[in-house]
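Subject: Structure handover

Hello,

Here is the structure I promised you. Please open it first, then read my notes below.

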Amino acid sequence: MVAVLAEALNWLLALFMWAIIGRLVLELITGGHRSIFSEFLRRLTDPLFWVVRQAMPRFVGDRFIPVLTLLLVIVLRLLLLPLLGVRG
């Protein structure tokens, strides 16, 4: 049961990681122009950004929140998942 939950957590973290990367790349390419796909990625990643924004001190600008969120997701995948026995 723990292995199934750990694998689901791995998939969820991978989904968020690629969604954040996709949003960052799409914003760089389009210059912030809105499209259906960019709105989908925004709605998927904004809750994560909100959580990280609440945890960060005020002097950390909003520009750094996506990068910090991406680093947090990567660190969780690298440190937490091996403890649960997931290879990835």
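**Helix 1 against helix 2**

Helix 1 and helix 2 are oblique to each other. Their axes cross at roughly 125 degrees. An angle from 65 to 115 would count as roughly perpendicular, and one over 145 as roughly antiparallel, so this crossing falls in the oblique class. The two axes come within 9 Å. The crossing of helix 1 with helix 2 is left-handed.

Which residues meet here? On helix 1, they are Phe16, Ala19, Ile20, Gly22, Arg23 and Leu26. On helix 2, they are Phe37, Ser38, Leu41, Arg42, Leu44, Thr45, Asp46, Leu48 and Phe49. By class, the contact of helix 1 with helix 2 has nine nonpolar, three polar and three charged residues.

Keep in mind that this is a predicted model.

**The whole protein**

Now step back. The protein has three helices and zero strands. Along the sequence, the pattern reads α-α-α. The C-alpha trace spans about 45 × 30 × 15 Å along its principal axes. There are 88 residues, and 27% of them count as buried.

Is Thr45 buried or exposed? Thr45 counts as buried, because its relative accessibility is 0%. The side chain of Thr45 makes a polar contact with the side chain of Arg23, at 2.7 Å. Leaving aside neighbours within four places in sequence, Thr45 is in contact with Ala19, Ile20 and Arg23.

Asp46 is partly exposed, because its relative accessibility is 27%. The side chain of Asp46 also has a polar contact with the side chain of Arg23, and the distance is 2.9 Å.

How far is Asp46 from Phe64 in space? Their C-alpha atoms are 14 Å apart, and the two residues are 18 residues apart in sequence.

**Helix 1 against helix 3**

Helix 1 covers residues 2-30, and helix 3 covers residues 65-84. They pack at an angle of about 160 degrees, with their axes 10 Å apart. That angle makes helix 1 roughly antiparallel to helix 3. The crossing of helix 1 and helix 3 is left-handed.

Start with the helix 1 side of this contact. It has Ala6, Leu9, Asn10, Leu13, Ala14, Met17, Ile20, Ile21 and Leu24. The helix 3 side has Pro66, Thr69, Leu70, Val73, Ile74, Leu76, Arg77, Leu80, Leu81 and Leu84. The residues of this contact divide into 16 nonpolar, two polar and one charged.

Pick out Asn10 in helix 1. Asn10 is buried, because its relative accessible area is 7%, and the cut-off for buried is under 20%. Which side chain does Asn10 join in a polar contact of 2.9 Å? The partner is the side chain of Arg77. Arg77 is on the helix 3 side of the contact.

**Helix 2 against helix 3**

The last pair is helix 2 and helix 3. Their axes come within 9 Å and cross at roughly 95 degrees. The two helices are therefore roughly perpendicular to each other. Helix 2 brings Leu48, Phe49, Val52 and Arg53 to the contact. Helix 3 brings Ile65, Pro66, Leu68, Thr69 and Leu72. By class, that contact has seven nonpolar, one polar and one charged residues.

Finish with Thr69 in helix 3. Thr69 counts as buried, because its relative accessibility is 1%. Leaving aside neighbours within four places in sequence, Thr69 is in contact with Ile20, Leu48, Phe49 and Val52. Of these, Ile20 belongs to helix 1, while Leu48, Phe49 and Val52 belong to helix 2. Now find Ser38. Thr69 and Ser38 are 31 residues apart along the chain, and their C-alpha atoms are separated by 18 Å.

Best wishes

Definitions and conventions:
Residues are numbered from 1 along each chain as its sequence is written. This is a predicted model: local features need pLDDT of at least 70, side-chain atom pairs count only at pLDDT 80 or more; totals for chains, interfaces and linings use all residues. Side-chain values use heavy atoms; hydrogens and water are left out. Buried means under 20% relative accessible area, exposed over 50%, partly exposed in between (1.4 Å probe, protein chains only). A polar contact is a pair of N or O atoms within 3.5 Å; within protein, one must be able to donate a hydrogen and the other to accept it, and residues adjacent in sequence count only if both atoms are side-chain atoms. Contact means heavy atoms within 4.5 Å. Axes are lines fitted to C-alpha atoms, for helices over the stretch in contact, and angles run from 0 to 180 degrees between N-to-C directions. Helices (H or I, at least four residues) and strands (E, at least two) are DSSP runs, numbered from the N terminus. Angles under 35 degrees count as roughly parallel, over 145 as roughly antiparallel, 65 to 115 as roughly perpendicular and the rest as oblique. A crossing is left-handed if the near helix is turned anticlockwise from the far one by less than a right angle, and right-handed if clockwise. Ala, Val, Leu, Ile, Met, Phe, Trp, Tyr, Cys and Pro count as nonpolar, Asp, Glu, Lys and Arg as charged, and the others, Gly among them, as polar.
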